[in-house]
Every structure is written in structure tokens, then in C-alpha cells.
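Let's take a walk through this structure together, one region at a time.

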Amino acid sequence: MSELALRTDALGRTYRKARKRWWKRTDPAASKEFVALDGVSLEVKPGELFGLLGPNGAGKTTLIKILTTLLAPSSGRAWVDGLDVVADAKALRPFINMVSGGESSGYGILSVRENLWLFSRIYGVANAVINQRIDAMLAVVDLADKANSRVSHLSTGQRQKMNFCRGFITDPKVLFLDEPTLGLDVTAARNIRKFVKEWIAEKPGRTMLLTTHYMAEADELCDRLAIIDKGKLLACDTPANLKRQVQQHSIFELSHTPGSGGLIEVAGLPGVHQATTTETPTSIELKVLLREESAIGGVVQQVVQSGGRILTLKKVEPTLEDVFIELVGHGLNA
Amino acid sequence: MRPALELFWKAMMARTYPRVAWMFRHRTWLIQETLLPMLSVIALANVYRWMHAPVQYIGIVILGAAMTAFWLNVLWSLGAHLYWERDSGNLELYILCPAPMMGILAGMALGGLTMTIVRAAAIVTTGVLLFDVPLEPTSWWLLGLIFLLTMVSLYGLGMMFASVFLLFGREAWHTVNLLQEPIYLMTGMNFPLVALEKMTHWAIPAAALLIPLTAGMDAMRQVLFRSEGFLNLWYEVPLLGVMSVGFILLAKRFLDVLERKAKEEGKLTVKWQ
Ligand SMILES: Nc1ncnc2c1ncn2[C@@H]1O[C@H](COP(=O)(O)OP(=O)(O)O)[C@@H](O)[C@H]1O
Ligand SMILES: [Mg+2]
């Protein structure tokens with residue numbers, strides 16, 4: 001067990017929706033239970049950059065909170081760096097850290113540097129190294145010029161970058177990043193992805209668990225990833241292997257104008273394995289997975305006969321999105 | 001230093017920092033914290049002077065106002081603090097880190113204490129300069145010891161409140177706040193505690209002794225003004241010592257319960273994405 005960085009064994013978590021007070025007895029039938037995590041078993045090796053991919057509400061944050069000792073599991077067990085997250089929580093804490101993209105932590109009255117100092121001191125980091133690490137991290141996220149600005153004067157994105165730095169300054173062995181690029185602009189997100197890869201490579205034995213609901217991000221960054229939906233683990237493999245699952249199909253993207261009778265039905269056509277439609281203000285984007293390539297003829301014909309006008313048509317490589325649709329039956333953002 | 005102790009110290013100092021920084025960065029703070037409380041002390045002291053009360057009475061009022069500042073700080077600021085830390089997402093980071101939560105709470109207490117000392121000092125200075133209150137304690141050492149013990153037990157109580165309020169919800173906080181006026185009366189903020197005993201029944205000041213402020217003020221007045229105390233000084237000092245240890249242990253206990261319950265119920269944070 002000790003050679004694994006992370007391990008979960010049939011991990012489950014149930015939330016009670018009704019407000020329950022521990023000093024009052026509430027009717028158990030009245031409090032609705034909600035299963036956020038359902039029997040998840042995972043293994044992550046040291047040095048891996050492991051991704052959790054799933055739509056909003058899939059249970060990614062719940063899993064991270066259990067692994068970071070912030071939430072008690074309802075069933076099953078979990079170990080981080082060989083330590084039980086429940087029984088050995090105190091022994092584990094010096095080696096881990098967590099950053100989540102949506103957090104608003106920190107003190108508005110303090111500057112960026114002071115906040116980062118405060119949250120490093122509670123890990124016992126020596127003053128001599130703190131400033132050096134702060135400068136290095138602020139340069140990574142392009143926030144060096146704000147080092148001495150009050151946090152209350154920062155934008156949400158800048159605040160998020162500061163919190164991103166917070167996770168690295170304590171030099172954790174296992175780092176948890178919960179949607180680190182959520183809401184950041186393209187350049188900032190790209191810089192962060194680049195740094196994350198460098199950080200893992202820099203020192204052997206560092207491990208990272210990253211959650212995201214951006215498919216491309218997971219594909220680009222992760223050595224391996226787990227796809228979860230509604231608290232259940234659906235698949236766990238390298239991005240390449242996952243995509244191989246849908247490789248036997250030919251995938252086409254077809255953009256067309258709406259037909260006379262509204263949406264055009266192509267799913268039932270011969271040779272069509274799966275079809276998803278997304279409506280944009282100006283067009284309809286159709287993505288089809290075909291059992292054989294020749295079936296595209298039938299699809300085009302169907303669109304044209306239904307009064308739609310074809311704008312573009314291209315053959316594409318499979319993405320994680322296709323894997324997700326294959327596994328879940330709907331798109332990530334649907 | 002042993003590593004655990006060192007981490008406790010670092011955490012305490014780190015969490016004291018935002019409070020002290022706030023003090024220096026809020027320009028209106030000094031006026032609000034020093035000038036305003038002085039006004040009410042001046043008013044009350046003048047009433048006693050107008051009644052030709054002995055100068056010790058003015059001393060009693062001034063000491064009461066200074067000491068009550070700490071009580072207000074414990075109740076309003078420290079008690080509600082974990083709430084605020086949770087809502088801003090900091091509580092989760094404090095639980096996540098290896099430093100003991102007691103160190104963080106002690107830091108909150110120390111920050112509040114530092115701020116309130118300025119306020120209390122302003123009140124005492126006003127009294128001494130404007131009303132010629134004599135400053136001749138029987139022993140400065142004893143006075144210092146009593147003050148220290150009062151502070152430790154009072155802020156220990158505050159640290160306990162912080163967990164209790166978060167555990168039991170806003171209602172608990174409101175309930176204690178409702179008690180604010182009766183507590184002014186029971187602790188003998190503006191008059192000696194023996195007066196309360198004579199007016200009512202000894203049981204009332206005796207119950208009030210559970211608030212460290214009461215015993216602390218009564219003992220300090222005995223040392224400072226040689227006035228009659230409700231209880232002998234040499235009972236009150238050990239009582240304060242016991243309360244210091246007791247409240248801090250209780251604070252630790254409630255904090256552990258809080259952490260366990262919050263983890264079970266998923267309530268360390270108010271939002272989840
Ligand atoms: N503290 C909580 N109390 C009740 N329900 C919660 C709590 N935290 C999360 N949930 C619910 O559990 C589900 C999973 O949430 P989460 O783990 O945050 O998902 P994700 O991070 O994948 O978006 C969601 O439906 C959410 O509403
Ligand atoms: Mg989440």
C-alpha cells in the first residue's frame with residue numbers, strides 16, 4: 001500500500017439534505033439522503049498527474065475533500081501517501097495541500113504577499129524561504145506586480161491566481177487542485193497548465209490530483225484520468241486508451257442551418273452509432289459517430305432533405321468528450 | 001523549541017497578524033476605539049463626581065469600562081470569528097494545515113486582545129489624567145498577575161464561545177448577546193460587586209463569578225483601591241487560575257467536537273462547487 005500515492009477502496013459519501021442538528025433527534029425518514037460518491041476505488045502511483053473528469057455535481061470535490069481530511073467518508077476507506085485519511089489525518093496534513101478554483105479565502109486587508117506568508121506559516125515554512133517561493137510563484141501566474149496590493153483590491157481572477165500559488169509554496173508531496181483554471185482567461189490557464197506539468201516533472205515522488213470539467217485540459221495534462229458521473233467511477237485509464245474505446249468509429253462534425261421541421265433526426269439512420277446536436281444562435285452543430293464511414297452519405301442526405309443547408313462538414317479525431325458521451329449517454333455540459 | 005510547539009507559535013503569530021495589520025490600516029479605528037469609549041466614561045465619572053462620591057468610585061467605573069472592553073471584544077469579535085472564517089473559506093484551510101486549530105484560535109484571541117488593550121489604555125489614561133484617580137496598588141506584581149489571569153480565562157472563554165457558536169448556530173450567539181445588559185449588571189461594571197450583594201442576594205454575584213470578568217474586576221479593585229471585595233482576593237486569584245485552565249481545555253474539547261461534526265455533516269464550508 002505504501003508504494004501508492006493515493007488509494008481509495010469502495011469510497012462512498014452521503015449527504016443529508018435536511019438540516020439536522022446533532023443535539024436534536026430528527027425523524028430519519030424526514031431527512032433525505034443524497035449519494036454524492038458511490039463505491040469509488042482508485043489507485044494513483046507517486047509521480048502521476050491524475051485527473052478526475054466529470055460534469056458539475058459528479059462528486060469530484062467531495063472526493064477531494066475526503067482525501068484532504070476535510071470530509072468524513074460515509075463508507076469505504078482512503079489512503080494518501082500510505083496514511084489513512086480518517087485515522088491518520090494529523091500525520092498526513094504536513095504533506096498535502098489543496099487549492100480550489102472557486103475559493104474566496106484570504107484576508108482582504110492583507111496584501112498578496114502577506115496572505116501567502118500567513119498560509120505558509122501555518123505549515124511551519126521558515127521565513128527565509130517563504131519570500132523566495134512567493135516571488136517564484138507570483139512570476140508563474142504573472143502576479144508579481146500585485147505582490148504588495150491589498151487582496152480586497154484584486155479581481156476574482158487575480159485572487160484565484162494568488163490561491164493557486166498558496167498550494168505550491170508549502171511544497172506538498174501530494175497536491176490537490178480542484179478546477180484550478182475555472183474562469184481564468186486563456187493565457188492564464190495555459191500558463192498554469194504549463195507550470196503544473198513542470199512541477200510534477202521537477203521532483204520525483206510528487207503527485208497531483210486535479211479535477212476539471214474541461215475535456216481538453218484533462219487530455220493535455222493528465223497521465224491517467226478517471227471519468228466520474230453521479231458519484232460513480234465510469235472509467236479509469238490514460239487519455240489515449242480512453243479515446244481508443246471510440247476509435248473504431250468515424251467521427252464527423254457537421255454544421256447546418258435548421259431544417260423546416262425544427263431539429264433533424266439522424267440517430268436512427270443506418271450505420272449511425274450515436275449523434276449529438278448542439279444549437280448555437282446561428283447554426284446547429286451535429287456530431288455523429290459512424291460504424292462505417294460511408295454512412296455519412298445518408299446523414300448528409302437526411303439533413304438536406306429536411307430543408308437544412310450544410311455550412312461545414314469535417315472529419316475529426318476522437319476526443320474525451322466522445323468517450324464521455326459513449327459512457328454516460330449525454331454530453332458533459334448537457 | 002519542540003516542533004509541535006514551534007508550529008503552534010507560528011500559527012498563533014500568523015493569525016494575530018491580520019488583526020494587528022487591520023488596526024494600523026483602518027484610519028477611523030483609532031477614533032472609534034479610543035475617543036468614543038472615553039466619552040461615556042467621562043459622562044459616568046462626572047455623575048459620581050457630582051454626587052460627591054469618593055474618588056475610588058470613579059476609579060471603579062474607569063476600571064469597569066476598561067475591563068468590559070475586553071468582554072465585548074470576546075463576545076462580539078472572537079465569538080463570531082469562526083463563523084466569518086468559515087464563510088470566507090479560511091476555516092477549511094486552517095483545518096487542512098498541520099498547525100493545531102488551537103494555535104489559530106489563540107492567534108484570533110491575541111489579535112483581539114492587542115486591539116482592545118489600546119482601547120482599555122485610552123480609557124484608563126483618561127481617568128487618571130482627567131479625574132485624578134490615584135494609581136497606588138498594594139502590589140503592581142499582584143495587579144499584573146490578576147490582569148493576566150483574567151485575560152487568559154476571559155479569552156479562553158471566548159475561544160470556547162467561538163466553537164460553541166459555530167456548532168450550535170447563530171441562535172446561541174444571539175442568546176448570549178441578549179445577556180449583554182444583565183451581564184453588565186451582574187459583573188459589576190459600574191459599581192462594586194458587594195453593592196450587588198447588598199441589593200439582591202449573594203447568589204447573584206456568586207453566579208457572576210463564572211464570568212472571569214467578575215472575579216478579575218473585583219480582585220483588581222481590591223488591589224488598586226483597597227476597596228471591599230465580594231470575595232477575598234486570595235480566593236479570587238486561584239479561581240481565575242482554575243478558570244484559565246478550565247476554559248482553555250473546554251475550548252479545545254469543543255473545537256474537537258466541532259471539527260468532527262463538521263466533517264461528518266460536510267459543513268466546514270458553506271459553498272461547494
Ligand atoms: N455539504 C453538502 N451538503 C449537501 N450536498 C452537498 C454538499 N456538498 C456537495 N453536495 C452535493 O453533492 C453532489 C456532488 O457535489 P461535488 O462533489 O461538489 O461535485 P463536483 O465537484 O463534481 O461538481 C452535488 O449534487 C452537490 O449538490
Ligand atoms: Mg467541484
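Which residue does Ala226(A) stand opposite in β10(A)? Keep in mind as you look that this is a predicted model. The residue facing Ala226(A) from β10(A) is Cys236(A). Strand β9 (residues 224-229) of chain A and β10(A) run antiparallel and are joined by five bridges.

Now step back to see the sheet around that pair. The open sheet has six strands in the order β6-β7-β8-β3-β9-β10 (chain A), and its pairing is mixed. At the edges stand β6 (96-100) and β10 (232-237) of chain A; each has a single partner strand, so one side of each is left without a neighbour in the sheet. From one strand to the next, the twist averages 15°. Helix α6(A) packs on this sheet, where it touches β3 (49-53), β7 (174-178) and β8 (207-212) of chain A, and its direction makes about 160° with that of β8(A). Another helix, α10(A), lies across β3, β9 and β10 of chain A and runs at about 40° to β9(A).

An open sheet of four strands in chain A has the order β12-β13-β11-β14, with antiparallel pairing. Its edge strands are β12 (272-279) and β14 (310-316) of chain A, each pairing on one side only. Neighbouring strands here are turned against each other by 15° on average, with direction ignored. Seven bridges pair β12(A) with strand β13 (residues 284-290) of chain A in the antiparallel sense, and Gln274(A) has Leu289(A) in β13(A) as its bridge partner. Helix α10 (residues 320-328) of chain A packs on this sheet, touching β11 (250-256), β12 and β13 of chain A, and its direction makes about 110° with that of β12(A).

Let's go back to α6(A) and look at its helical neighbour. Helices α5(A) and α6(A) pack with their axes 12 Å apart, at an angle of about 5°. Because angles under 35 degrees count as roughly parallel, α5(A) is roughly parallel to α6(A). On the α5(A) side, the contact is made by Lys161(A), Phe164(A) and Phe168(A), while α6(A) contributes Ala188(A), Ile192(A), Phe195(A), Val196(A) and Trp199(A).

What do the aromatic rings do here? A pair of rings is described by the distance of the centres and the angle of the planes. Over all chains, the structure holds twelve aromatic pairs. In one of them, Phe164(A) and Phe168(A) are tilted, at 4.8 Å centre to centre and 50° between the planes. These two residues lie in helix α5 (residues 156-169) of chain A, four residues apart, about one turn of the helix. Both Phe164(A) and Phe168(A) are buried. Phe168(A) also pairs with Trp199(A): the ring centres are 5.3 Å apart and the planes stand at 85°, so the pair is edge-to-face. This second pair links distant parts of the chain, from Phe168(A) in helix α5 to Trp199(A) in helix α6 (residues 186-202) of chain A, 31 residues apart. Like Phe168(A), Trp199(A) is buried. Elsewhere, ring pairs link Tyr107(A), Phe119(A), Trp84(B) and Tyr94(B) into a cluster.

Leaving out residues up to four places away in sequence, Phe168(A) touches Met137(A), Leu175(A), Leu177(A), Phe195(A), Val196(A), Trp199(A) and Met208(A). The largest nonpolar core has 167 residues, and those touching the most other members are Ile122(A), Phe168(A), Phe176(A), Met208(A) and Leu82(B). Apart from that core lies another, of 13 residues, including Ile264(A), Leu269(A), Leu286(A) and Ala295(A).

Ala215(B) sits in helix α11 (residues 212-225) of chain B, and counts as buried because its relative accessibility is 0%. Beyond residues up to four places away in sequence, Ala215(B) touches Leu209(B), Glu236(B), Leu239(B), Leu240(B) and Met243(B). Leu130(B), in helix α5 (residues 101-131) of chain B, is partly exposed, with a relative accessible area of 48%. Leaving aside neighbours within four places in sequence, Leu130(B) is in contact with Ile42(B) and Arg49(B).

Definitions and conventions: Residues numbered from 1 in each chain as written. Chains lettered and ligands numbered in written order. Predicted model: local features only at pLDDT ≥ 70, side-chain atom pairs only at ≥ 80, totals over all residues. Heavy atoms only, no water. Buried < 20%, exposed > 50% of the residue type's maximum accessible area, 1.4 Å probe, protein only. Contact = heavy atoms within 4.5 Å. Phe/Tyr/Trp six-rings, centres within 6.5 Å; stacked < 30°, edge-to-face > 60°. Pairing = 2+ DSSP bridges. Axes fitted to C-alpha atoms, helices over the stretch in contact; angles between N-to-C directions. Core = buried A, V, L, I, M, F, W, Y, C linked by side-chain atoms within 4.5 Å. Parallel < 35°, antiparallel > 145°, perpendicular 65-115°, else oblique.
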